[in-house]
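I opened my notebook to look up pockets and sheets in this one. Here is what I was looking at.

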Amino acid sequence: METPLSCRNYIDGQWLSAAAGNTLQSRNPALVDEIVATFPRSQADDVDTAVAAAGKAYRSWRKVPAPARAEYVFRVGELLLQHKEELAQLVSQEMGKPLTEARGDVQEGIDCAFYSAGEGRRLFGQTTPSEMPNKFAMTVRMPIGVCALITPWNFPMAIPCWKAMPALVCGNTVILKPAEDTSACATKLIEIFAAAGFPPGVVNLVHGMGEEAGKALVEHPDVDLVSFTGSSETGAFVGATCGRTHKRVCLEMGGKNAQVVMEDADLELALDGAVWGAFGTTGQRCTATSRLILHRDIKEKFTAMLHERTSKLRLGAGTDPDTDIGPIINEKQLQRVNEYMNIAREEGAKVLIGGEIASEDSLKNGYFFQPTILDDVTPQMRVAREEIFGPVVVLIEVSSFEEAIAILNDTNYGLSSSVYTRDINRAFTAMRDIEAGITYINGPTIGAEVHLPFGGVKQTGNGHREAGTTALDVFTEWKSVYVDFSGNLQRAQIDNRS
């Protein structure tokens with residue numbers, strides 16, 4: 001067993017232990033006896049130190065020209081590219097996803113770096129005519145201030161980059177509070193930010209528990225913005241707290257995403273999408289396909305195809321190149337998924353395959369759950385409405401396209417969606433009528449690209465979007481600027497006409 005990585009907080013350009021000296025551990029979910037890292041159990045005092053450092057650094061960082069700020073982010077991208085395989089191996093070890101997916105996680109950070117760096121030479125405002133003579137009017141983007149970035153464990157490289165890179169290009173300073181399960185990944189990522197040469201205090205890292213360090217960040221009076229990705233329950237607390245304290249807040253939360261397969265669909269293509277969408281990242285994605293809405297004419301055939309393909313998926317450690325599905329992140333989440341199987345059976349759903357904790361051979365040493373298909377599911381069952389966040393997909397039968405769209409929309413969430421059909425009219429109707437932030441036609445519910453907006457409606461988010469140019473609207477304020485060169489007092493909205 002390798003010696004665990006000893007992680008520390010990164011505050012004001014220094015690597016520091018928690019003030020109280022307490023530590024926590026992250027473990028390999030495929031081999032739970034293996035400690036991947038120890039990391040600080042930070043408290044409010046540590047958060048105070050980080051916020052003070054970020055606030056001090058903000059005063060000068062905001063004045064660095066945006067193209068120059070972007071050059072730091074570009075260097076992060078170059079360093080991520082150089083260390084891609086090393087980082088992917090760590091992601092796979094600490095989080096559990098297969099190496100092919102872990103490499104994609106790092107690549108998303110690389111893509112985000114290069115894309116965000118380009119925005120440093122744009123950050124466009126607008127010029128517009130004034131209603132008065134000899135008066136110039138324009139809008140400019142201004143940074144917000146100190147940004148707390150609270151990120152989950154399922155994409156330990158990509159999601160921190162989604163948040164930090166546009167925030168920094170926009171002139172903000174950041175404090176990353178990563179999930180406890182992926183402290184080593186966060187440490188290695190911030191080591192790369194440090195190597196890129198950011199001035200002290202511009203980029204900070206505070207480890208710890210969500211209910212301790214995370215809560216202290218959200219409640220801190222000198223934090224100006226909170227960007228949170230996680231559960232809808234925690235997001236509700238974050239949003240309410242920021243509302244009371246007048247902080248800017250961006251929330252990206254849960255999903256109960258559906259893939260519709262119509263009777264005219266290419267079934268082999270739809271099958272590829274369903275398997276990847278449902279079981280990629282062990283179903284631990286907010287965009288995972290957790291509902292398959294199948295037209296009755298193809299349901300029996302498609303279900304048999306799905307069963308056969310699922311039966312061939314191989315469980316194992318993410319670092320094993322033969323693995324299709326890695327472990328669940330921790331024991332608490334494993335038990336949560338297992339409890340939903342009890343709920344499914346009580347509600348009358350039929351387990352077609354899976355439905356049990358996997359404990360054969362070496363799997364007994366990790367947190368593994370069998371890939372699961374639930375049939376005879378109705379739209380009102382809890383397994384059809386609540387986010388399970390594991391390798392579980394439910395099958396719902398419909399008799400028409402209209403019924404499929406109605407059931408797809410009948411959820412508290414609205415993140416991603418997918419429709420497989422050869423009918424162009426149905427495709428455009430789906431694009432118009434589906435209530436979600438993302439809609440795929442003949443593609444799976446997962447696969448976001450960094451130059452497009454990412455986020456959802458209903459309980460999935462609060463109206464903001466990450467990635468793309470829309471991220472700039474999260475991390476900047478609009479300022480209207482007027483220049484009057486008439487030499488006279490001109491009063492807008494005052495009727496001076498005779």
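What volume does the second largest pocket have? I read off about 350 Å³. Before going further, I noted that this is a predicted model, where local features need pLDDT of at least 70, side-chain atom pairs count only at pLDDT 80 or more, and totals for chains, interfaces and linings use all residues. Residues are numbered from 1 along each chain as its sequence is written, and side-chain values use heavy atoms, with hydrogens and water left out.

**Entry 1: the second largest pocket**

I wrote down the term: on a 1 Å grid over the protein atoms alone, a pocket is an open set of points where a 1.4 Å probe fits, with protein on both sides within 12 Å along at least five of seven lines, and lining residues have an atom within 4 Å of a point. Volume is the space filled by probe spheres set on the points, which are joined across faces, edges and corners. I found 22 residues lining the second largest pocket, with Glu108, Phe155, Arg285, Gly447 and Ala448 closest to its centre. Helix H4 (99-119) and helix H5 (158-169) each supply at least two residues of this lining, and H4 gives the most, with five. Helices (H or I, at least four residues) and strands (E, at least two) are DSSP runs, numbered from the N terminus. I sorted the lining of the second largest pocket into nine nonpolar, six polar and seven charged residues; Ala, Val, Leu, Ile, Met, Phe, Trp, Tyr, Cys and Pro count as nonpolar, Asp, Glu, Lys and Arg as charged, and the others, Gly among them, as polar.

**Entry 2: the largest pocket**

Next I looked up the largest pocket, and its volume is about 1500 Å³. I see 49 residues in its lining, and Trp153, Asp181, Ser231, Thr234 and Lys332 lie nearest the centre. Among the elements that each supply at least two lining residues are strand S4 (23-28), helix H8 (232-245) and helix H11 (331-347). The lining of the largest pocket divides into 21 nonpolar, 15 polar and 13 charged residues.

**Entry 3: the seven-stranded sheet**

I traced an open, mixed sheet of seven strands in the order S15-S18-S19-S14-S13-S21-S22; two strands pair if DSSP finds at least two bridges between them. Strand S15 (350-353) and strand S22 (438-441) are at the edges with a single partner strand each, so one side of each has no neighbour in the sheet. From one strand to the next the twist averages 25°, with axes fitted as lines to C-alpha atoms (for helices over the stretch in contact) and angles running from 0 to 180 degrees between N-to-C directions. Helix H9 (267-279) packs on this sheet, and its direction makes about 165° with that of strand S13 (257-261); contact means heavy atoms within 4.5 Å. I also checked S18 and S19, which run parallel and are joined by three bridges, with Leu374 opposite Val394.

S1 and S5 pair in the parallel sense over two bridges, and Ser6 has Thr38 as its bridge partner.

Last, I looked at S6 and S7, which run antiparallel with four bridges. Their hairpin has five residues between the strands, and Asn134 takes a positive phi near 55°.
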